[in-house]
Amino acid sequence: MAEKTTNDAIYSGVGRRKNAIVRVRIMPGTGKVTINGRDGKAYFGREALLNYALTPFKVTDTIEHFDVIAIGTGGGISGQAGALRHGIARALLQAGDYRAELKKAGYLTRDPRMVERKKYGLKKARKRPQFSKR
């Protein structure tokens, strides 16, 4: 049997964006955000990225109702911010009846855009070497 914790209200979700994967756990609290053991503002370095990641709370009017603990791997900070937003939205589905608001805002859809691979004979994914007639 699984061991009981003192706080049973822990909701989890996995968010993905580009090559970033973020495992998110939210629990009732005061709005504290911790990513890879660091404060959210310190981790992202820019207030805009943290605000972008926390938009699901704004849509559902649950700002400062939940604490966020996240573990992020892969990608850069922008991709991880998008993955955090996706993970928070998925965790909020378990926390309450927020599906309509999150779906309408488009936060439950995984962003499919990825970096296109480099092709042989080209300098980058699409950039071609300079053409020479002679």
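How do the residues of the lining of the largest pocket divide into nonpolar, polar and charged? The tour starts there, in what is a predicted model.

**The pocket.** Display the largest pocket, which has a volume of about 260 Å³. Then select G31, V33, L54, I63 and E64, which are the closest to its centre among the 16 lining residues. Continue with the elements that give two or more residues to this lining: α1 (40–44), α2 (47–53), α3 (55–59) and β5 (66–73). Of these, α2 gives the most, with three residues. Colouring the lining by residue class answers the opening question: seven nonpolar, four polar and five charged residues.

**The aromatic pairs.** Next, show the aromatic side chains; a search of the whole structure finds three aromatic pairs. Select Y11 and F66. Their ring centres are 6.5 Å apart and their planes stand at 80°, so the pair is edge-to-face. Because Y11 lies in strand β1 (residues 11–17) and F66 in strand β5, the pair ties together parts that are 55 residues apart in sequence.

Move to Y43 and F44, another edge-to-face pair, with 5.4 Å from centre to centre and 75° between the planes. Both Y43 and F44 are buried.

**The cluster.** Together, Y11, F57 and F66 form one aromatic cluster.

Notes
Residues numbered from 1 in each chain as written. Predicted model: local features only at pLDDT ≥ 70, side-chain atom pairs only at ≥ 80, totals over all residues. Heavy atoms only, no water. 1 Å grid on protein atoms, 1.4 Å probe; cavity = no way out; pocket = protein on both sides within 12 Å on 5 of 7 lines; lining within 4 Å. Points joined across faces, edges and corners; volume = space filled by probe spheres on them. Helix = DSSP H or I, 4+ residues; strand = E, 2+ residues; numbered from the N terminus. Nonpolar A, V, L, I, M, F, W, Y, C, P; charged D, E, K, R; others polar. Phe/Tyr/Trp six-rings, centres within 6.5 Å; stacked < 30°, edge-to-face > 60°. Buried < 20%, exposed > 50% of the residue type's maximum accessible area, 1.4 Å probe, protein only.
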